[in-house]
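Hi,

Here is the two-chain file I promised to pass on. Could you open it alongside this email and follow along?

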Amino acid sequence: MEDLLEIGGKKIKSRFFIGTGKFSDYPLMQKAIESSGAEIVTVALRRVDLDSLRDNILEYIPKSCTVMINTSGARNAEEAIRIARLAKASGAGNWIKIEVIRDNKYLLPDNLETLKATEILVKEGFVVLPYMSPDLSMARRMVECGAAAVMPLGSPIGSNRGLKTKELIQIMVDEIKAPIIVDAGLGRPSDACECMEFGCSAVLVNTAVAISLDPVNMARAFSEGVIAGRRAYLCKIPAEKNIASPSSPLTGFLRQDK
Amino acid sequence: MSYYNIYEKFKQLDFGQLASAELSADEAEFVSLLSPERENYLEEIAKRAHQITLRNFGRTMQLYTPIYLSNYCENQCLYCGFNAENKIERKKLTFDEIKAEAEFISKTGLKHILILTGDSRAVSSLSYIKDALKILRGYFSSISIEIYALSEEEYAGLISEGVDGLTIYQEVYDQGIYGKMHSVGAKRDYLFRLDAPERGAKAGMHSVNIGVLLGLNDWRREVFLLGLHAKYLQDNYPDLEIGVSLPRIRPQMGDFSVPNPVSDKNIVQILAALRIFLPRIGIALSTRENPEFRNNLIPLGITRMSAGSSTYVGGHTAKAFSDKSVPQFKISDERDVEEVRKALEKKGYQPVLKDWMHI
């Protein structure tokens, strides 16, 4: 049976989501998206220029992808809500990654304002994926009010520091029914693989792909890391042991029926 | 609380004395990065600055252009072409002219503009600026102002008319030199200007851009004080997008000679030191610098560049200027938006023409 991720009524094959900031040009970004096979692509509304064919980032997103507008630049729930409404009004769809950041130094999200925005935007019919600092109670509240998934950060945006928040995300994976998608800070394909191995539903990567020397191949490498990790998760990775356990048991002959 | 409380701690110290002052670890490193000794290690700090910029901003460059609405001025800043004493043709754009400028600029694809006026509340009144904003809002997605210092309430009034960014340079942090450079006009109030960025932040500006006019004083000391000012704003207004500018004095009308010239090498050191000290701030580079130098600085930490600039009132659309017409300062980079875009693309950087919107 095909392993599909269901979010907001969509059945998604690729568990690798990609961001669109920081690329050196849009055609290269497009190739990176295509090479990764990503189906969910996040775009900051602040960067969308509908007046310009040449500079409209949306023109470079493959038509097969779902655009998930993010509210980058929002400092509170009210601004995030206004950005989401602007996105919908401009025809950019109703998938919203809520990003409320009141700290431009670390770019860490404000969970309380994010929760407020989630509640209202869900009621307005948006498919809401809140970007958050990993916190079980907050994630529960967000899911209770209708978030389609929650997106805890692995480490601060753009830091490429990997999965520094693993313990907290593991708890969320164990306890929350909605998909957990690790967003931000993943620096290597092995980070993405690790997220999938312990049960995350998907990952979202931007900086590590965009600023690499070869974004097209790096996007593919992340995507392959995600596939490997997911496959391993589905195969139920055996528990770790302190002592060696030979693949061919030494006393196996005793059970042989001669 | 005001940045002045921090300035006061260093008021009496020249740059050489800062190393022994009471500093935090990152401030001490900042002093070290700005020191004459580090001039011998420029490549090393430039590489660090490049990596930090790449991680935080990627290979992108935001473009904007200034639009001068008026050059009437009541100040007598010694270094400025708009000095009230200068016998130049004074002009204030009519609303039709503002519309024409807006149409011209918007055809280049730019979505970010910076409105400038000389310092004259009487001529370039707030109601005139608000009426101008009503026109400009229809063309641009982000509007910043670089005008005379305002009260918090006045900034809030402009925000509600569509302004999202404030640019205001202290010009020179040394209070004594500031007094000499700005002896006439409202701008002589050092404290009112020093606190203007903070008033803008309190009023709800999305971004605030501060700067020093390089050349008026020992640049090492001035850049240290600029960096501390940016850090003060970052610490107290964490949701604010903070930017700094590094304008170097350019020739203008009159016989003002630069007291403390700043070399290209110095600019590189300043840029790298600021980037390492404050990894997340925006850094702007204007057309005061020549095209080749600007191109070379792109990877070092710059995040915003002006393009297609004119420092004349109505300069975007005016075909010819009368003999008496004078710019605020002479620009060195006269490339239009298309040429700047091409230069960025050649360097492997994406020109970003829109990075905010009215919300």
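This is a predicted model: local features need pLDDT of at least 70, side-chain atom pairs count only at pLDDT 80 or more; totals for chains, interfaces and linings use all residues.

**Chain A as a whole**

Chain A has eight helices and ten strands. Its radius of gyration is 20 Å, close to the 18 Å that the globule rule gives for 258 residues, so chain A is as compact as a globular protein of that length. Taken along the principal axes, the box filled by its C-alpha atoms is roughly 80 × 40 × 35 Å. Of the 258 residues in chain A, 48% are buried. As for contacts, take those between residues at least 6 apart in sequence: 64% of them join residues at least 24 apart.

**Strands in chain A**

Have a look at β10(A), residues 202–205. Which strands pair with it? One is β3(A), residues 16–19, which runs parallel to β10(A) over three bridges; here Phe17(A) stands opposite Leu204(A). Another is β9(A), residues 181–183, also parallel and also over three bridges, with Ile181(A) opposite Ala202(A). Both faces of β10(A) are covered: Ala202(A) and Leu204(A) are buried on one side, and Val203(A) and Val205(A) are buried on the other.

Ile18(A) has Val41(A) as its bridge partner in β4(A). Is β4(A), residues 40–44, enclosed or open? Five of its five residues are buried, so this strand is largely enclosed by the rest of the structure. Ile40(A), Thr42(A) and Ala44(A) point one way from the strand, Val41(A) and Val43(A) point the other way, and all are buried.

**Where the chains meet**

How many residues of each chain are in contact with the other? I get 25 from chain B and 26 from chain A. On the chain B side, the largest share comes from helix α4(B), residues 42–57, with four residues. That side of chain B divides into nine nonpolar, seven polar and nine charged residues.

In soluble globular proteins, nonpolar side chains tend to be buried together. In this model, the largest nonpolar core has 102 residues, and those with the most contacts inside it are Leu63(B) and Ile113(B). Helix α11(B), residues 219–236, gives the most to this core, with nine residues. If you want a place to start, click on Leu63(B): leaving out residues up to four places away in sequence, it touches Leu110(B), Met305(B), Ala307(B), Val337(B), Val340(B), Pro351(B), Val352(B) and Leu353(B). There is also a second, separate core of 77 residues, which includes Ile33(A), Ala38(A), Ile180(A) and Ala192(A).

**Helix α12 of chain B**

This helix covers residues 264–277. At 1.5 Å a residue, its 14 residues should span 20 Å, and the end C-alpha atoms are 20 Å apart, which agrees. Its buried residues are Val268(B), Gln269(B), Ile270(B), Leu271(B), Ala272(B), Ala273(B), Leu274(B), Arg275(B) and Phe277(B). Note that Gln269(B) and Arg275(B) are on that list. What covers these buried residues includes α3, α4, α11, β6, β7 and α13 of chain B.

**A few loop residues**

Pro36(B) sits in the loop between α3 and α4 of chain B. With 10 C-beta neighbours inside 10 Å, Pro36(B) counts as exposed.

Two other loop residues have positive phi without being glycine. One is Leu107(A), with phi near 55°, in the loop between β6 and α3 of chain A. The other is Glu171(B), at about 75°, in the loop between β4 and α8 of chain B.

Are these two buried or exposed? Leu107(A) counts as partly exposed, with 18 C-beta neighbours inside 10 Å. Glu171(B) is buried, with 22 other C-beta atoms within 10 Å.

Over to you!

Conventions: Residues are numbered from 1 along each chain as its sequence is written. Chains are lettered from A and ligands numbered from 1 in the order in which they are written. A nonpolar core is a set of buried Ala, Val, Leu, Ile, Met, Phe, Trp, Tyr and Cys residues joined through C-beta atoms within 7 Å. A residue is buried if 20 or more other C-beta atoms lie within 10 Å of its own, exposed if 12 or fewer, and partly exposed in between; C-beta atoms are placed from the backbone. Two residues are in contact if their C-beta atoms, placed from the backbone, lie within 7 Å. Ala, Val, Leu, Ile, Met, Phe, Trp, Tyr, Cys and Pro count as nonpolar, Asp, Glu, Lys and Arg as charged, and the others, Gly among them, as polar. The radius of gyration is taken over C-alpha atoms; the globule rule is 2.2 Å times the number of residues to the power 0.38. The expected span of a helix is 1.5 Å times one less than its number of residues. Two strands pair if DSSP finds at least two bridges between them.
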